[in-house]
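Let us walk through this structure together, one contact at a time. Please have the sequence and the 3D view open as you read.

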Amino acid sequence: MSARPLALSSRIPPGLARAGLLWPSLAIILLFMVAPIGIMFTYSFLTAAPYGGVEWTFSGAAYTEILFERDFLDDSLAFTPDYLIIVARSVFQAAIATVLCLLISVPTAYYIATRSDRAKNIWLFLITIPYWVNLLIRTIALLFVLRGDGPVNSALIDLGLISQPLPLSYNGFAISLGLIYSFLPFMVLPLYSAFERFDFRLLDAAYDLYASRRVAFFRIVLPVMRPGLIAGSLLVFIPSIGSYLAPDILGGGKTLMIGNLIGTQFQAARNWPFGAALSMILLTITLIVLLWLARRAARQQQLN
Amino acid sequence: MKSLTVFTAALLASVLAGPAFAAGDLFIYTWGEYTPPEMVAKFEKTYDVKVHIDTYDSMETMLAKLKSGAGGYDIIVPGHDTMTILVRENLLEPINAANMPNYKNVDEKWRDVFWDKGRVYSAPWAWGSTGFVVDRAVVKGNDTSLKILFEPDDTVKGKINMLRDVNDVINMALRYLGKPRCNENPEDLKAVLDLLSSQKPFVKSYNSETKELLVSGEAAVSMSWNGYAMRARDEKPTLEYIYPKEGYTGWMDNVAVPKGAPDLENAKLWVNFVMAPENAAMITNYARYSNGIKGSEAFVEKALAAAPELNPPSDVAAPEFLSACTPATTKLYDRVWTKLLR
Amino acid sequence: MSTARMRDLRTFSGFGLLSVGCAVFLYAPIVFLTLYSFNDGRSVSQWTGFSFRWYQTVFANQNIQTAAVNSLLIAVTAATIATVLALGAAIATVNRRSKSGGEGAYVVLTFPLMVPEIVTAVASLVFFVAVGISLGFVTILLAHIVFCIPFAYLPIKARLEGMDETLPSAAADLYASPAKAFVRITLPLLVPGLLSGWLLAFIISLDDFIITALVAGPGATTLPLHIYGMLRLGMTPEVNAISTLMLAASTALVLLSGLLGQAGRKH
């Protein structure tokens, strides 16, 4: 590696230049995001005020509430799986959405990257144009498409493939589809962005060495996509966990995900400390996973 | 890049601030599509005041903003249960609506209401009820019991929609069980949870946008607000809004002025303006909910004035207006809701 | 080896089909939505007849127009600022030789992604009020820039990682200043990353509801706020009409940029 790979000016020491590049974004996040979340961290140890907000009395109740509840009748403290079930469901749904997004996006990103320069940009816009429509409206439109009397079921019935409408809406399947629909470009674009610079001579060389297509794809194409794959997975997985519109609208509101649960605490349930505590736990889990990923990536880079 | 940013900032400032040619401004914070444009135009013309409308999606958003101390609005339109909270937390300006010239038009039954005794803080805007709608092509007969919803026949199983509102759903279940609303008794709420859990397999969705579900036939029975029910019936005549014989919830939205309103005088002008019969009628014609103003009937569209959704039959009990439940109740309700939907 | 055969080897069978399938999936609900913007009735899912009445409603509705323009201005501004900030951060965090602090910066830059929206929303509201910044367009813009940063940063970082570092440094040897080398060599190579990042930041800003709802001040309404507010009284095809107009605007922009690009090439 060169001593001054990306320094902007030879007169400014690289360390200082780097700080100048890095700190504006760090500062704005630390000030307008981390500091407010610090307030929320404090709130998670306080008591809920009667009608929203907090009272300044210390309490760890918000954290014990996540695993333990007072019995409806005899007021005894007992373990409750309610919130764990909701967290597990959220992680499961988000994982499915991420994997399916990957399966759709890798070929799509590859296909786009092999187009001409003009076609590439047209494809990029083509992928993002639907997202000029608000997420809520898009989700409702997807529901109408999937519904019992929607075009998908009508077409299948007209073709004689089915006689009864398929249960495509108001269930877990619809939630998964909704999450994919919400976040697909967040996978396609980073993958494309990482892969676009791919040198296709590498592929030709592999074939010259009699590599099969499968081997060529997994050994040559995928590793180049890897940074985009990590970026895309983060951009799909993390927002999916906290998603609330897909379960509300496509799932028919019959099951909660953690986004709904936390939202309710700040709204109808008026229990800000509990909502804050739930989000602190979620934040901690995400942070641990992210750090683990970052460490692994760094180790791999050193190996290379 | 910098010049671009400066340019955009200038553009933002010019477009977003909006011209303030009028003698004054009035900032209204309310539900969307709730304020008739012709009413706004009339007010602007009469008083030379520019009206700006911002919308919220829930009472909680509005409440969170007011409680945090973020101000800047002259008029808000809280529901009656939220009114009790706003008054208790001292977040409203005492405007003495009762002393305003147009107060004489306010129907007696909306004058000494429990959420604003003697109308110190607010004037009526619109009111309605939460009952349920059935498709009479599917559910025959004239039964008006909540049993249709909670212990459904085979014909409607899987075709039931409930509002996604913890309070409305649980209060309705409590009525079906014959228990008091805003209930703090754990045993009653345990019974509610059992009832709702046994009903859940037959529920298609918990959704507050009920009109499309009913009209498309996806749902044959649905909890609904009366205004929604009327719009659904316009598109599908077999739908009927039911006033359950076990009782039902009523609500009233009120025009109030938050503490620290920038222009108290304009705000008072609006409150008085809203209480004039021809103006109140505009609200009903536009939002399709009843207002609380005497003499407005003369200006209300004929079809609306006669609509069964806005005129409960004489043998039906009056709607029950509930106060905001206590924190203990809210907590129990939330646990029932979480357990139901976990 | 013939060029035709080379092309053939570079295409994996089914990839094109899958991409088209992906586009169909993305556009099916959009087609449905556009269709119902021409519905004569009030329903957004039951067809009663063809009419332009909802477009007339939109053109008569000053509030919804202002909201749409506000949304676009905020999204363009927030996405642009976030992309510039993210570009700097990506350059500084990728290719760094010392390992210390790298993870810290990475975690801070992706932090806005990890907090559920409603929590960010309430926290920002409390924070802005506490430090005395009055709510309005400034607070919306600040909040949007912050949550846009990870969406711009991650694609740019993915692009930079493993980018051939010898190229910029070779260029730096040739050109008089590294700044020139950066503009002439590195930046063009980064374009796909920048474009991806900007587009993602743009759509995430355009979509945001909860955070905007809580940090917006009087007179500062965006399209999502307007649309969510309409739900209590029921959705009408007016929403479809404004959405279709947004789609038309975006398509027009894409066509325009395509034409400009073509014209530019001819010169």
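The term salt bridge stands for a side-chain nitrogen of Lys or Arg within 4 Å of a carboxyl oxygen of Asp or Glu. Across the interface of chain A and chain C, three salt bridges are found by this rule.

Before going on, note that this is a predicted model, in which local features need pLDDT of at least 70 and side-chain atom pairs count only at pLDDT 80 or more, while totals for chains, interfaces and linings use all residues. Residues are numbered from 1 along each chain as its sequence is written, chains are lettered from A and ligands numbered from 1 in the order in which they are written, and side-chain values use heavy atoms, with hydrogens and water left out.

Let us stay with chains A and C. Here 108 residues of chain A are in contact (heavy atoms within 4.5 Å) with 112 residues of chain C. Between them, the two chains bury about 10400 Å², and 77% of that lies on carbon and sulfur atoms; buried area is the accessible area (1.4 Å probe) that two parts lose on being put together, summed over both.

Now for the aromatic rings. Over all chains, a search of the whole structure finds 54 aromatic pairs. Rings of Phe, Tyr and Trp (its six-membered ring) pair if their centres lie within 6.5 Å; planes under 30 degrees apart count as stacked, over 60 as edge-to-face and the rest as tilted. With ring centres 5.3 Å apart and planes at 70 degrees, A:Phe186 and C:Phe151 are therefore an edge-to-face pair. This pair crosses between chains, from helix α7 (residues 172–195) of chain A to helix α7 (residues 137–160) of chain C. Helices (H or I, at least four residues) and strands (E, at least two) are DSSP runs, numbered from the N terminus. Both A:Phe186 and C:Phe151 are buried, where buried means under 20% relative accessible area, exposed over 50% and partly exposed in between (1.4 Å probe, protein chains only).

B:Tyr29 lies in strand β1 (residues 24–31) and B:Tyr56 in strand β2 (residues 49–56) of chain B, so the pair ties together parts 27 residues apart in sequence. B:Tyr29 and B:Tyr56 are both buried.
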